[in-house]
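This briefing concerns helix packing and model confidence. Please view the sequence and structure before reading on.

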Amino acid sequence: MSGKGQRAVISALFVACLTLPLFSQSPYVLYVATLSAMYIAYALSFDLGAGHVGAISLAHPLFFGIGAYSVGILGTKANSPLWVAGLVAIVLAFLLAFLVARPAFRLKEISFAIATLGLALSGQLIALNWVEVTEGPGCINGIASPFSGWIGGENPYVANRMAFYYLFLVADLVVILVYVLLTRGRIGRVLTAIRNDEVLAASNGVDILRYKRFTFIAGACIASAIGALWAPYMTIVCPDHLGVAYTNTLLMIVFVGGAGNVWGVILGAVLVTVIPEVLRIEPTWRMELFGVVLLMMIIVQPNGLVGLFKRRRGGAMVSDTVAGHPNGEGTPGGGETPNGPP
Amino acid sequence: MALLEVAQLVKRYFGVAAVDHVNMEVSRGQIVGLIGPNGSGKTTLFDCVTRHLSADGGQVSFNGSDISHALAHEVALLGCGRTFQTVRVFEDLSVRENLLLAAQQHQEDSIIKRAIRAPSIRVFDNAALEQCDEALVFVGLARLREERAGNLSYGQRKLLAFAGCLVFNPCLVLLDEPTAAVNPSMIKKMKEQIRELNGRGITFLIIEHNMDFIMDLADQIVVLDRGQKIAEGEPRAIQANEQVLEAYLGRQ
């Protein structure tokens, strides 16, 4: 896409998002649209680590849950306004991510994923069993909408839902902005370098762990903020929200759409939330289907759907003007046979 | 004091000492060759010096600081560049971005300032771009600066990796088999380039199997065999050394 074409497409999409409630005021359509918008921001925060430095944290829903529970608990038990509870949520997520990041990133890929899985499960267990605070499996109910005070009209229910839809659109804009700032230019280059070759990156002076921790902590804070907005929309927070099932959805979004690519993640978020609704897929079958699709994507199209559109930079192999063997790693010739001490 | 000092360095793999109590020094301004049969521990020694591997014993000090327990990127930031035996480049970055990455790591670094491109950062960016273009002209890749590094040929990748360890003005450069799979005219050019850089004050430690190349270039040669240093001295003396001939050619 040229710069001009790209701008036109972005503008069209943006207008479509803004005017969507004009076409349909059905609460169901609004719900699906809001869900998509929420998942765009949520998945982008996940993709900071997963798509850019290859650190797949299975604890991402835990941070979303921290946000949701902070608002749930503070909102229902202390009557805190949303912005106060939201700030608490972000601070809590920051502290936990900061504490966990240092030891967790001492582990390599799979061990890191397993460690974060453990973290997610402990979080879920706490939410289930600390009944005095979290209400346990009974869930926290009746979280108030921040809009309830100043929404009237003939249909406050729809008005409230519409307000949330726009709230998540704004959240998307903010998260996209932060995501782009953190993944372009020099920082983006460092992240790509880490994903390509950690050994070489270190010998170029890149503090790999620092960047991994950074993406992890930034992702955790964003996820917590999104969770804090989602709780009053759903009006309920359950221990399930911290669970690994949500990690599956995030993995689906990122790998179907295109890891490490803002358009890919947006596309993935919309497809993964809308398609099951359109096809009315039985929830119990969703996971099985997701699993198969995820496997297929990783095998057939590891760059995700955006990989189909993306023009490959450079194209064909550059002709070898200088030296040597275009076929890569082998070291024939002067490599291993010593010319011998004469 | 020597620029690089390796004292009693040991690295074991399951009981086999790949590097066995090696002592060596590289003085400022020298070109030192590190030779030895395959499997004699040359690359392992490199990896222990640049801290891509943790040694099991001994000390390494570089430019006056003890780097025995440093992290790999800290060694690089102290001014030690290196290339790898199997050539490595960042395939998804362009040729110039490959160098920019290295150059910018050696500048002041705040993730937040970088993200919002604070004015102080822009000055750095321009300086880094200049350094990169200079390095690309030096190795002859200027024409390909916008090319994706993954599209380069093996020889071109080798040149890019060479430029990558020069771009941040290192004081010591470790080259792991720079002439492997490079054609003779290029080897000649590389020799001149190393001499020129050495003239500008960069110290070199070079692993090499091409004897004509390294004997001509080096001031000092260190010979490893089965993890141990068996000889050290000027090229002429090494070429006449019985023990070295035996290690390379077997008992006569």
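A crossing is left-handed if the near helix is turned anticlockwise from the far one by less than a right angle, and right-handed if clockwise. The model is predicted: local features need pLDDT of at least 70, side-chain atom pairs count only at pLDDT 80 or more, and totals for chains, interfaces and linings use all residues. Residues are numbered from 1 along each chain as its sequence is written, while chains are lettered from A and ligands numbered from 1 in the order in which they are written.

**Helices α4(A) and α10(A)**
- The axes of α4(A) (residues 82-104) and α10(A) (residues 208-234) come within 8 Å and cross at roughly 150°.
- α4(A) and α10(A) are therefore roughly antiparallel (angles over 145 degrees), and their crossing is right-handed.
- Residues in the contact include Ala89(A) and Phe94(A) of α4(A), and Phe216(A) and Ala220(A) of α10(A); contact requires C-beta atoms, placed from the backbone, within 7 Å.
- The contact residues of α4(A) with α10(A) comprise 17 nonpolar, 3 polar and 2 charged.

**Helices α2(A) and α7(A)**
- α2(A) (residues 27-50) packs against α7(A) (residues 156-183) at about 20°, with axes 9 Å apart.
- α2(A) and α7(A) are therefore roughly parallel (angles under 35 degrees), and the crossing is left-handed.

**Confidence**
- The model scores ipTM 0.89 and pTM 0.84.
- Chain B has a mean pLDDT (the predictor's confidence in each residue, from 0 to 100) of 88, with 98% of its residues at 70 or more.

Terms used: Axes are lines fitted to C-alpha atoms, for helices over the stretch in contact, and angles run from 0 to 180 degrees between N-to-C directions. Helices (H or I, at least four residues) and strands (E, at least two) are DSSP runs, numbered from the N terminus. Angles under 35 degrees count as roughly parallel, over 145 as roughly antiparallel, 65 to 115 as roughly perpendicular and the rest as oblique. Two residues are in contact if their C-beta atoms, placed from the backbone, lie within 7 Å. Ala, Val, Leu, Ile, Met, Phe, Trp, Tyr, Cys and Pro count as nonpolar, Asp, Glu, Lys and Arg as charged, and the others, Gly among them, as polar.
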